[in-house]
Amino acid sequence: MKLVPLGDRVVLKQVEAEETTKSGLILTTSAQEKPQEAEVIAVGPGGMVDGKEVTMQVKPGDKVIYSKYAGNEVKLEGEEYIIVRQNDILAVVE
C-alpha cells in the first residue's frame, strides 16, 4: 500500500530517538524525547491551497526538522508516519 498526501501535505518517517546521552547514560523509553528530525517519504502536489499558490520545496529522501507538535501520526502496515503541512517543516538538513 502506498501513502499519497494531498495538497501541501508531506509524509514523514521519524528518525529513531536517542537511546543514550552524550555522556553515555542510557535513557529509558519514557525519558527519551520525541525527535523532531524525519525523512520525507512522500510529497503532495501543492497547487492552490486555501486560496494561495503553494510550491512544494521538499522532495522524498530529504532530511527535515519539523515543529514539535505538528501533524498527525498514522500507523500503516506496521510502520509509523507523520503527515504534516509543508509550513510545519522548519528546515532541510543537508
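The model is predicted: local features need pLDDT of at least 70, side-chain atom pairs count only at pLDDT 80 or more, and totals for chains, interfaces and linings use all residues. Residues are numbered from 1 along each chain as its sequence is written, and side-chain values use heavy atoms, with hydrogens and water left out.

**Exercise 1. Describe the overall fold and surface.**

Step 1. List the secondary structure. The protein has eight strands and zero helices, where helices (H or I, at least four residues) and strands (E, at least two) are DSSP runs numbered from the N terminus. The order along the sequence is β-β-β-β-β-β-β-β.

Step 2. Of the 94 residues, 27% are buried. Among contacts (heavy atoms within 4.5 Å) with a separation of 6 or more, 63% are between residues 24 or more positions apart.

Step 3. Take the surface. The accessible surface is about 6,700 Å², and carbon and sulfur atoms hold 51% of that area; the areas come from the Shrake-Rupley method with a 1.4 Å probe, and for residues only the protein chains shown count as cover.

**Exercise 2. Find the nonpolar core and a nonpolar patch.**

Step 1. Apply the core definition: buried Ala, Val, Leu, Ile, Met, Phe, Trp, Tyr and Cys residues joined through side-chain atoms within 4.5 Å. The largest such core has 14 residues, and those touching the most other members are Val 10, Leu 12, Val 40, Val 58, Val 64, Val 84 and Ile 89. Two or more residues of this core come from each of β1, β2 (37-43), β5 (63-66) and β7 (79-85).

Step 2. Follow one member. Beyond four places in sequence, Val 58 contacts Val 10, Val 40, Val 43, Val 64, Gln 86, Ile 89 and Val 92.

Step 3. Ile 65, Leu 90 and Val 93 make a nonpolar surface patch of about 240 Å². Patch residues have over 30% relative accessible area and no salt bridge; like charges are joined within 9 Å, and nonpolar side chains (Val, Leu, Ile, Met, Phe, Trp, Tyr) within 5 Å. Leu 90 lies in strand β8 (residues 89-93) and is exposed, at 56% relative accessible area.

**Exercise 3. Trace the salt bridges.**

Step 1. Count them. There are four salt bridges, each a side-chain nitrogen of Lys or Arg within 4 Å of a carboxyl oxygen of Asp or Glu.

Step 2. Take Glu 79 and Lys 13, whose side chains meet at 2.4 Å, N to O. Glu 79 is in strand β7 and Lys 13 in strand β1, 66 residues apart, and the pair links distant parts of the chain. Glu 79 is partly exposed at 33%, and Lys 13 is partly exposed at 29%.

Step 3. Take Lys 63 and Glu 39, with closest N and O atoms 3.5 Å apart. Lys 63 lies in strand β5 and Glu 39 in strand β2, so this bridge ties together parts 24 residues apart in sequence. Lys 63 is partly exposed at 33% relative accessibility.

Step 4. Take Lys 59 and Asp 62, where the closest N and O atoms are 3.1 Å apart. Lys 59 is exposed, at 52%, whereas Asp 62 is buried, at 11%. Asp 62 sits in the loop between β4 (52-54) and β5, and its side chain also reaches the backbone nitrogen of Lys 59 at 3.0 Å.

**Exercise 4. Examine two buried residues with polar side-chain contacts.**

Step 1. Start with Asp 8, in the segment before β1 (9-14). Asp 8 is buried, at 7% relative accessible area. A polar contact of 2.8 Å joins its side chain to that of Arg 85; a polar contact is a pair of N or O atoms within 3.5 Å, where within protein one must be able to donate a hydrogen and the other to accept it, and residues adjacent in sequence count only if both atoms are side-chain atoms.

Step 2. Go on to Tyr 66, in strand β5. Tyr 66 is buried at 0% relative accessibility, and its side chain makes a polar contact of 2.7 Å with the side chain of Gln 14.

Conventions: Buried means under 20% relative accessible area, exposed over 50%, partly exposed in between (1.4 Å probe, protein chains only).
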